Amino acid sequence: MTEFTRRDFLRLAALGMGSLALNRYLAACNPQSTPGAIPTPPVPTATSIPPATQAASAPPASQDSSATSTATSSPTSTSSASMGTPDLVVARNGDPETLVRRAIAALGGMEKFVPQGARVVVKPNICVDSHTYEYAATTNPWVVAALVKLAYEAAARSVKVMDYPFGGTAEQAYVRSGIQEQVQAAGGEMVTMSGFRYVDMDIPAGRWLKKTQVFDEILNTDVLIDVPIAKQHSSARLTLGMKNLMGVVRNRSAMHGSLGQAIADLNTLVRPKLTVIDAVRILLANGPTGGNLNDVQQLDTILASPDIVAADSYATSFFGMQPDDIEYIKFSAAMGLGRSDLSNLKIEEISL
């Protein structure tokens with residue numbers, strides 16, 4: 001059966017499933033106490049609420065005294081641009097869009113990942129509808145918008161952005177996070193992940209999770225770009241690239257019986273071509289929903305790699321951890337889904 005025929009079959013199967021209620025229990029973001037609707041007064045500090053985002057321009061890299069602290073020492077770079085295309089790029093100390101552009105350029109440019117005329121899906125983390133991006137529970141809006149722009153610059157046919165939020169409705173979360181405004185300004189389309197469009201999928205390589213329901217457009221897209229925010233998580237310890245892909249699954253509660261292995265199993269089925277980890281602001285505690293600026297650390301850093309395991313492995317260093325401290329990284333590396341051996345990777349570090 002050709003790829004085209006298989007995609008058509010999945011679309012038809014999705015349409016025949018009928019309207020299904022969305023499962024909100026034990027979702028990818030575990031329940032945490034979160035503040036209610038937040039007003040938007042001026043400049044963010046540890047005791048004040050951050051301002052509403054502006055569509056016109058991205059915020060500059062800053063030294064926000066309420067959120068900045070000394071970063072955890074990170075793995076030593078083992079490569080430079082002169083040694084060929086790196087396996088992983090770490091870009092630091094710039095505004096979000098510039099960091100994304102420099103990181104992707106160092107990997108060979110977006111055209112390496114997005115063929116001309118490709119349909120692209122960008123999957124951020126839009127966890128809740130109660131916080132703006134300053135709280136580091138959702139992906140930075142300008143990081144997402146930069147990926148939309150780069151995909152179109154590589155001649156993508158379409159770029160759609162989507163997630164299945166844990167708190168509130170998708171429509172509310174898309175707006176509150178600031179992501180919808182920036183994506184639409186960049187020419188992208190926000191998609192609500194309606195329940196009837198999930199498709200039953202077997203996971204042949206799964207060791208614990210053998211089947212699940214995945215949103216049809218994730219299965220049908222030409223290019224999937226995964227763009228999580230790096231944050232602490234009460235069950236998985238960290239939300240990074242692989243954990244972020246739980247947002248494409250309808251019944252996420254079924255994964256919690258063996259969460260680390262289930263995440264690894266899901267990643268045998270859903271394989272992004274590119275992972276970009278937003279570490280502009282990271283959430284150090286009370287994740288995944290956050291709600292306190294004292295838990296936020298500003299790093300002004302972006303990681304990018306075609307190897308999702310390598311990207312997640314490096315990102316553990318921001319939290320003073322090692323790759324083997326996170327079950328889904330350890331299991332995924334053991335299953336051959338990517339490399340966690342950072343000492344043997346070509347890592348290019350860029351400081352702007």
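R101 and E153 pair up in a salt bridge in this predicted model, with 2.7 Å between the closest N and O atoms. R101 sits in helix α2 (residues 96-106) and E153 in helix α3 (residues 141-153), so the contact ties together parts of the chain that are 52 residues apart in sequence.

Another salt bridge links E217 and R197, at 2.9 Å from N to O. Here E217 belongs to helix α6 (residues 216-220), while R197 is in the loop between β4 (189-190) and β5 (198-202), so this pair joins parts that are 20 residues apart in sequence. E217 is buried, its relative accessible area being 14%; R197, at 21%, is partly exposed. Buried means under 20%, so R197 at 21% does not count as buried.

Then there is D341, which forms a salt bridge with R339, the closest N and O atoms lying 3.4 Å apart. Both residues are labelled partly exposed: D341 has a relative accessible area of 29%, and R339 has 33% relative accessibility. Some salt bridges also share partners, and these join E97, R101, K149 and E153 into one network. Over the whole structure, the search turns up eleven salt bridges.

Notes:
Residues numbered from 1 in each chain as written. Predicted model: local features only at pLDDT ≥ 70, side-chain atom pairs only at ≥ 80, totals over all residues. Heavy atoms only, no water. Salt bridge = Lys/Arg side-chain N within 4 Å of Asp/Glu carboxyl O. Helix = DSSP H or I, 4+ residues; strand = E, 2+ residues; numbered from the N terminus. Buried < 20%, exposed > 50% of the residue type's maximum accessible area, 1.4 Å probe, protein only.
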